[in-house]
Amino acid sequence: MRGALSWPFLRLYILTLLYFSANSILNVIIPLKGAELGATNTTIGVVMGAYLFTTMFFRPWAGQIIQKHGPIKVLRTILIFNGAALILYTFTELEGFIVARILQGVCTAFFSMALQLGIIDALPDKDRSQGISMYSLCAYLPGILGPLLALGIWQAGDSHSFTVAMVTIAILTGVVGYSAKMDKKVAEPVQGQIEQGATMFGSVSQLVKNPHLCKCSVLMLAASIIFGAVTTFIPLYAVQIKYGNAGIYLMLQAGTVVISRFVLRKKIPSDGKWRSSFMMGIMLTLAAATLSVSFSNLGGAVFLYVGAILMGIAQALLYPTLTTYLTFVLPKTDRNVLIGLFIAMADLGVSLGGVIMGPVADYFSYSFMYMICAILGVTMIIFAYERGKTSVGLQ
């Protein structure tokens, strides 16, 4: 498996694209369905947040179980449960959605850990950032057309179309997943990973003790809260804005993520150095994006769509930059488990974006809630600053 764009990796990217296709539809349908059923923003936030909160919770066991049973066997098993979750959406309402979101969260914990750690372990240092960017790109690629498809299904009031979409995605993902093969280099973890699953909880203290992991985790957590608030409530916020359209917003954001990650994948640092100006620029872009979304309630759809583009740029650069940096500065013997903790912080942030910001939107407004998110982004600009450049080789 040579190079981030070689066929074995491309096959994994295709599987990633199919796996995350359902979420691009569900992220629009669930809030709209919840509002139709009379649910509060708090309830909708909990339902949406249940997915990645569960993913975060199950990550500690993912590496250990994959090591014990092998990635292909685990992958095939979770694709069955993922298919069951997607079908569950087609004949239940809000209570069933919670169960389906939790089931999806369990599957995603194993799916994403297997693929991302496999990519990190298999690629040479100079190609790591490209591999991580391509994985992330394919996870977001469905977001270009998925929201528009979801709005079309919703506005048509045709539950049959929604059922067909979910069943089709479940079948295609299963077929591609069952035919996928992994090079031994991807399937085999680094030395010491057997113990990592068992010691995951013991490594939680490293979120505070390890300065590199702490900085990256705080930045990712804060940014993910903003991303989660946008994903959860844009379908409801956009209808309040003249000429606002959630499908167009999410399409612009996802399209920007995809284009930026492909075009800029070689620009992402892949040398283990902390570049304060680069990171501060990303957080400034994120804060400006959220502020623009907040102002769109007064300024109109132009602010909304500018915010979508800026949000996409920030989202495209932040995750692969921080993840790549950590692959260099973390100790190799504990690298996978600590990266698992970092990814868990991203999951937690997206979940909290719905759970915490839902009550804020209930008591105040969506615009005020996004203003709070913008202030959070501004504080992260300061947090990202670090005097001098850090290059640590704890290998």
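Predicted model: local features only at pLDDT ≥ 70, side-chain atom pairs only at ≥ 80, totals over all residues.
Residues are numbered from 1 along each chain as its sequence is written, and side-chain values use heavy atoms, with hydrogens and water left out.

**α2 and α7.** The crossing of α2 with α7 is right-handed, the near helix being turned clockwise from the far one by less than a right angle. I listed the contact (heavy atoms within 4.5 Å) as S24, I25, V28, I29, L32, K33 and E36 of α2 with G146, P147, L149, A150, L151 and W154 of α7. By class, this contact has nine nonpolar, two polar and two charged residues.

**N23.** N23 counts as buried because its relative accessibility is 10%, buried meaning under 20% relative accessible area (1.4 Å probe, protein chains only). Not counting residues up to four places away in sequence, N23 touches Y51, R101 and Q104.

**α15 and α16.** I then turned to helix α15 (residues 301-329) and helix α16 (residues 335-355), which pack at about 155° with their axes 10 Å apart. That makes α15 roughly antiparallel to α16, a term for angles over 145 degrees. Their crossing is right-handed. Y319, L322, T323, L326 and T327 in α15 meet R335, I339, F342 and I343 in α16, and these residues divide into six nonpolar, two polar and one charged.

**T256.** I found T256 in helix α13 (residues 246-263), where T256 counts as buried because its relative accessibility is 12%. Leaving aside neighbours within four places in sequence, T256 is in contact with I309, G312 and I313.

**The largest nonpolar core.** Which residues touch the most other members of this core? Of its 120 residues, I recorded I234, Y249, M369 and Y370; such a core is a set of buried Ala, Val, Leu, Ile, Met, Phe, Trp, Tyr and Cys residues joined through side-chain atoms within 4.5 Å. Helix α12 (residues 211-237) gives the largest share of this core, 15 residues. Not counting residues up to four places away in sequence, M369 touches A229, F233, M357, V360 and A361.

Terms used: Axes fitted to C-alpha atoms, helices over the stretch in contact; angles between N-to-C directions. Helix = DSSP H or I, 4+ residues; strand = E, 2+ residues; numbered from the N terminus. Parallel < 35°, antiparallel > 145°, perpendicular 65-115°, else oblique. Nonpolar A, V, L, I, M, F, W, Y, C, P; charged D, E, K, R; others polar. Buried < 20%, exposed > 50% of the residue type's maximum accessible area, 1.4 Å probe, protein only.
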